[in-house]
Amino acid sequence: MTATNRPQLPPGNLGLPVIGETLDFFRDPKFASKRHAEYGPLFKTRLLGKETVFVKGADATRFVLTHENKYFIVGWPPSVKKLLGPLSLALQHGGVHAQRRKLMVQAFLPRALESYIPTIEAISDRYFQRWTKQGEITWYPELRDYTFDIACKLFVGLDRGSETDLGHWFETWCGGLFSLPINLPWTRFGKAWKSRALMLAELERLIRERKESGAAGDDALGILIQAKDENGESLSIEELKDQILLLLFAGHETLTSAVASFCLKMAQHPEVRAKARAEQQAFQERPFTLGSLKQMAYLDCIMREVLRFVPPVGGGFRDVVRTCEYGDYQIPEGWSVLYGINTTHSDPAAFADPDRFDPDRFAPDRAEDKAKPFSHVPFGGGLRECLGKEFARLEMRLFGALLLQNYEWELLPDQDLGLKIVPTPAPRDGLRVHFRSVS
């Protein structure tokens, strides 16, 4: 190819030197959609000091997610890299990532998931009873405590984790994930960095205590302590700390967003809630099983539509390790790519009337997500598809089924139901509702 017909860079504006359009990106929830409307499915910008190409749509997403380790490797903003830790599975790639993933997936095999169900039910019942007594609640912070309590119990065997020092440190740590990595005591990143050190010290104490007791336990930590690769090697204490921290984040932050969006959408669409509640009349027997949960076909459609409509993760970063071409454009080595999950989920080429909340689009007779592979990617895809995908689906289904069977909730007036986007979508006023039992 000659210089005259070499593919051009995608259109767009790199913005200011160094910071580029970073401030606009964090401030404007419609940052990507506005530029896609102007420039098309690919555009260039500069984020956090690095030239970045945004892509959207099923075909572009498939190109990125199926060329892992050839053109792209996982990439995160500097603040996320530092706070997750160098040994975190989220930052590993190539053979190391594949090897560690095989070890960690053991905590999410069907046998392990089945064993988690009674704990999720018990914690759910405790919270539902508390909310019933309170009557009027600001639901989002309550849901954060709920998902963190479940994650702490199932992953490290810790009861009521949200009430512990670990829970308080975790909240501070989450607050600095997407921030400028300036490590000073008064910055969000500086506070998060200090909290990370405190959390790791506590996790190391729990790990050593478990190892010294000789009883690993059947929670995720116990499974990972005992897990060995094909060479008979297990995770070191340093690796365990970073991996458990990642599990706590993935099992809390994104799940809180997902269940809060479910609660909001059910309140806004009473006809959908009524249909879902009718389905639940056939599933009154407790405890639930993986089999009974999978039979809840309409609830599954709702959860898929919630994840399409408000994906907990808006997109994924990749570093470009080899110059490549997509469509008419070149994506240079050394740049970043951000594949848009939210923009792909709102593509009318894949989803009819994408701005309408419509669970039936996932029913077998329509199955809009099947027409174009990689059009519905709330958990990513390819080699890096979310390790805890089935755990997330399990917790969402359990929460939804228990809620629909036994409780009612209405939105309180005079609140902002718009979403804050960073680090995950959350109602601006915290989702205030009236909550009551119907059983």
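1. Cys263 counts as buried, at 1% relative accessibility. Here buried means under 20% relative accessible area, exposed over 50%, and partly exposed in between (1.4 Å probe, protein chains only). The model is predicted: local features need pLDDT of at least 70, side-chain atom pairs count only at pLDDT 80 or more, and totals for chains, interfaces and linings use all residues. Residues are numbered from 1 along each chain as its sequence is written, and side-chain values use heavy atoms, with hydrogens and water left out.

2. Cys263 is in none; its nearest cysteine sulfur, that of Cys301, is 19 Å away. For Cys152, the closest cysteine sulfur is in Cys174, at 11 Å, so a bond is ruled out by distance. Cys152 is buried, with a relative accessible area of 0%.

3. Strand 1 covers residues 42-47, and six of its six residues are buried. Helices (H or I, at least four residues) and strands (E, at least two) are DSSP runs, numbered from the N terminus. In a regular strand, side chains alternate between the two faces of the sheet. On one side of strand 1 sit Leu42, Lys44 and Arg46; on the other, Phe43, Thr45 and Leu47; both faces are covered.

4. Which strand is joined to strand 1 by six bridges? Strand 2 (residues 50-55), and the two run antiparallel. Strands pair if DSSP finds at least two bridges between them. Thr45 has Thr52 in strand 2 as its bridge partner. The two strands form a hairpin with two residues between them. Leu48, in the turn, has a positive phi of about 50°.

5. Tyr326 lies in strand 6 (residues 324-326). Tyr326 is partly exposed, at 22% relative accessible area. Contact means heavy atoms within 4.5 Å. Beyond its neighbours within four places in sequence, Tyr326 contacts Leu42, Asp59, Ala60, Phe63 and Ile331. Phe63 is 263 residues from Tyr326 in sequence, yet the C-alpha to C-alpha distance is 8.0 Å.

6. Asp319 belongs to strand 5 (residues 315-320). Asp319 is buried, with a relative accessible area of 14%. Not counting residues up to four places away in sequence, Asp319 touches several residues, among them Lys50, Lys81 and Trp335.

7. Leaving aside neighbours within four places in sequence, Arg100 is in contact with Leu89, Gln92, Asp229, Leu235 and Glu239.

Note on methods:
Disulfide = S-S within 2.5 Å.
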